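Subject: Structure for your review

Dear colleague,

Please find the structure below, followed by an account of what was found in it. I would be grateful if you read the two side by side.

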Amino acid sequence: MKLWVAQGFGVGRIPFAPGTFGSLVGLLWFVLLLAPRNVWLFSAGTLAGIALSVWLCGEGEKILRQKDPGSIVLDEIAAIPVCFVGWVGTLLWKSSLMPGIDDFLGQRKWPLTLGALVAFRFFDILKPWPVRQSQSLPGGWGVTVDDLLAAVYVNIAVWLAHLLTPGR
């Protein structure tokens, strides 16, 4: 059961691009966290996902006897909501209301969400400093922290894109 969850409920066993498929499951997790439109549930769910990722990805490494095996994708799933934390925070600050699903997947917003997802995969694969170095952390920490740092890079990229967008 631990391995099945660490492998993204089986998605990580897809023989090609398991991280990308895991990221798509992460997008579903993000949508589920947005659905109640409650900042506390969003925050608690995001933190719980990270904690579960650290634990279960570490367990998955032990079961498979491999360091950060490609089939382990719970780290991607847990990191996807973090990719959108800055955007969620900005919308919350502007309106005092927790954003909903339409704020990210609505008619004019889904391309931006897709762009953030692509940016996450880019930073997760490229592993700029200190993403690659964080993989040397022990157990599930090394598996999860590199994805969280890639998500931080996504937040920076989204923020820069927002700043550089004319007529914002």
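A residue is called buried when its relative accessible area is under 20%, exposed when over 50%, and partly exposed in between, using a 1.4 Å probe and protein chains only. Threonine 144, with a relative accessible area of 1%, is therefore buried. The model is a predicted one, in which local features need pLDDT of at least 70 and side-chain atom pairs count only at pLDDT 80 or more, while totals for chains, interfaces and linings use all residues. Residues are numbered from 1 along each chain as its sequence is written, and side-chain values use heavy atoms, with hydrogens and water left out.

Overall architecture

The protein chain contains nine helices and zero strands, where helices (H or I, at least four residues) and strands (E, at least two) are DSSP runs numbered from the N terminus. The chain has a radius of gyration of 16 Å, close to the 15 Å given by the globule rule for 168 residues, so it is as compact as a globular protein of that length. The radius is taken over C-alpha atoms, and the rule is 2.2 Å times the number of residues to the power 0.38. Along its principal axes, the C-alpha trace spans about 50 × 30 × 25 Å. Of the 168 residues, 46% are buried. Contact here means heavy atoms within 4.5 Å; among contacts with a separation of 6 or more, 69% are between residues 24 or more positions apart.

Helix H2 and its surroundings

Helix H2 (residues 18-34) has 17 residues and reaches 24 Å from its first C-alpha to its last, close to the expected 24 Å at 1.5 Å a residue; the expected span is 1.5 Å times one less than the number of residues. Its buried residues include Gly22, Gly26, Leu27, Phe30 and Leu34. Helices H3 (39-64), H4 (74-83), H5, H6 (102-105) and H7 are included in what covers the buried residues of H2.

Leucine 27 belongs to H2 and counts as buried at 17% relative accessibility. Beyond residues up to four places away in sequence, leucine 27 touches Ile80, Phe84, Thr113 and Leu117.

Leaving aside neighbours within four places, threonine 113 is in contact with Leu27, Phe84, Trp87, Phe104 and Leu105.

Threonine 144

Threonine 144 is placed in helix H9. Residues up to four places away aside, threonine 144 touches Ile50, Ser53, Val54, Cys57 and Asp75. The C-alpha atoms of threonine 144 and leucine 112 are 24 Å apart, at 32 residues along the chain.

The largest pocket

The largest pocket holds about 660 Å³ of space. A pocket is an open set of points on a 1 Å grid over the protein atoms alone, where a 1.4 Å probe fits, with protein on both sides within 12 Å along at least five of seven lines; lining residues have an atom within 4 Å of a point. Of its 22 lining residues, Trp87, Leu112, Val158, Ala161 and His162 are the closest to the centre. Helices H5 (85-95), H7 (110-126) and H9 (139-164) each give two or more residues to the lining, and H9 supplies the largest share, seven residues.

With kind regards

Terms used:
Points joined across faces, edges and corners; volume = space filled by probe spheres on them.
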